[in-house]
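Let's take a friendly walk through a protein model together. Keep the sequence and the 3D view open as you read.

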Amino acid sequence: MNESELLPWTEKYRPLKLEDVAGQEGVVKTLRAFVKANNMPNLLFAGPPGVGKTTSAMAMAHELYADEMRGNFLELNASDERGIDVVRGKIKDFARSVSMGGAGFKLIFLDEADALTPDAQHALRRTMELWSSSTRFILSCNYSSKIIEPIQSRTAIFRFVKLSERDVHKSLEIVGKSEGLKLDEDAYSALYYASEGDMRKCINILQGAAIHSKHITKELVFKTSSRAEPKEVREMMELALSGNFGEARKKLDSLIITYGLSGEDVLLQMYREVDGLKVDEKKKVQLIDKLGEYNFRLVEGANERIQIEAFLAQLLLIGK
């Protein structure tokens with residue numbers, strides 16, 4: 001069996017060139033200009049998970065170093081190695097060694113940099129200053145506000161946004177064709193809904209669904225992703241709003257049993273369906289307010305089933 005066949009699809013279909021990165025056109029255009037100039041500042045990639053931050057950094061390194069990537073590129077995950085010793089050890093040792101080949105500088109990619117402790121970030125800032133002539137840094141994070149200001153001022157910040165449905169659709173077509181899958185048109189929409197613009201999650205759901213069938217349907221996607229169909233969640237909310245509490249509870253039972261949803265999953269999907277409800281804006285405001293309250297209760301450890309049913313009761317009161 002080919003080694004690539006054993007890889008998860010997220011790695012198997014990870015783009016190796018910047019031009020193949022989905023979405024993020026403005027960011028990719030600038031990164032390609034850096035590669036062409038063979039020079040770049042330190043970079044900070046900020047944005048939600050699964051939108052191309054790591055892929056962009058890896059693709060950039062491939063284009064800069066090609067076969068000499070092993071000696072010129074260091075990838076670390078700050079979630080695993082988040083202390084000051086890592087900055088003083090691995091990062092400092094790699095930064096001060098001589099670059100190989102014609103690039104002129106080496107590249108250190110620090111994923112999930114917002115997990116670094118403040119002390120480690122201050123040590124990193126000093127390392128970035130000392131070895132700026134021979135080493136460039138790419139820091140990746142979900143929240144740039146968790147990166148200390150001295151590092152932010154020493155980097156060019158790139159904001160990665162959630163992928164559009166068109167970008168996800170295009171990438172899934174490539175994966176589906178390569179794996180011999182048949183995807184229904186509404187399966188693409190279901191995959192995007194379940195992943196919320198996270199390409200990594202989207203491909204993982206597709207791989208999970210493909211285990212069951214080569215024909216990917218909307219129903220199979222929702223079953224695999226443990227997400228309920230949006231219309232079913234909306235129907236449950238409308239039943240409660242109209243005063244039919246008993247039927248709303250039965251619908252909730254059906255959703256939990258059929259899709260295996262947790263309490264937080266149910267609340268999250270309810271939140272996403274508020275806009276589609278045929279109620280006035282004032283009632284939507286009340287709904288969002290109550291959703292926030294009940295979500296907090298779940299986070300604090302309250303009983304999931306009781307809280308979800310209590311929220312359905314609130315819907316009934318709001319509907320009246």
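This report starts with the whole protein and then visits some of its residues.

## The whole protein

What you see is a predicted model. The protein has 16 helices and 7 strands. Its C-alpha trace spans about 70 × 45 × 30 Å along the principal axes. Of the 320 residues, 47% are buried.

Contacts tell you how the chain folds back on itself. If you take those between residues at least 6 apart in sequence, 73% join residues at least 24 apart. The protein also exposes about 16,200 Å², and carbon and sulfur atoms supply 50% of that area.

## Charges and their pairs

Let's count charges next. There are 45 positive and 47 negative side chains, and the centres of the two sets lie 3 Å apart. Side chains of opposite charge can pair when their charged atoms come close. The structure holds 19 salt bridges, and a few of them are worth a visit.

Start with R166 and D167, whose side chains meet in a salt bridge at 3.9 Å, N to O. Are these two partners buried or exposed? R166 is exposed, with a relative accessible area of 59%, whereas D167 counts as buried because its relative accessibility is 10%.

K218 and E229 form another salt bridge, at 3.4 Å from N to O. This pair links distant parts of the chain: K218 sits in helix α11 and E229 in the loop between α11 and α12, 11 residues apart. K218 is partly exposed at 22% relative accessibility, while E229 is buried at 9%.

## Pairing within a helix, and a network

The side chains of E309 and R305 meet in a salt bridge of 3.0 Å, N to O. Why are E309 and R305 separated by about one helical turn? They are 4 residues apart in helix α16, so about one turn lies between them. E309 counts as buried at 15% relative accessibility, and R305 is partly exposed at 31%.

Helix α16, residues 304–319, also holds Q314. With a relative accessible area of 19%, Q314 is buried, because the cut-off is under 20%. Leaving aside residues up to four places away in sequence, Q314 touches K290 and Y294. Elsewhere, salt bridges link R125, R126, E129 and R154 in a network.

## Patches on the surface

Which residues form a negative surface patch? They are E173, E185, D186 and E219. E219 belongs to helix α11, residues 218–225, and is partly exposed at 46% relative accessibility.

There is a nonpolar patch on the surface too, formed by L268, Y271 and I288, with about 260 Å² of accessible area together. L268 is found in helix α14, residues 263–273, and counts as partly exposed at 32% relative accessibility.

## Two residues with positive phi

Most residues other than glycine have a negative phi, and most peptide bonds are trans. With that in mind, look at E112: its phi is positive, near 55°, in a residue other than glycine. E112 lies in the loop between β3 (106–111) and α6 (118–130) and is partly exposed, at 33% relative accessibility.

S226 is not a glycine either, and has a positive phi of about 55°. You will find S226 in the loop between α11 and α12 (230–241). At 28% relative accessibility, S226 is partly exposed.

Terms used
Residues numbered from 1 in each chain as written. Predicted model: local features only at pLDDT ≥ 70, side-chain atom pairs only at ≥ 80, totals over all residues. Heavy atoms only, no water. Patch = residues over 30% accessible without salt bridge, like charges linked within 9 Å, V, L, I, M, F, W, Y side chains within 5 Å. Areas by Shrake-Rupley, 256 points an atom, 1.4 Å probe, with all protein chains shown as cover. Salt bridge = Lys/Arg side-chain N within 4 Å of Asp/Glu carboxyl O. Lys, Arg positive; Asp, Glu negative; His and termini not counted. Charge placed at Lys NZ, Arg CZ, Asp CG, Glu CD. Buried < 20%, exposed > 50% of the residue type's maximum accessible area, 1.4 Å probe, protein only. Contact = heavy atoms within 4.5 Å.
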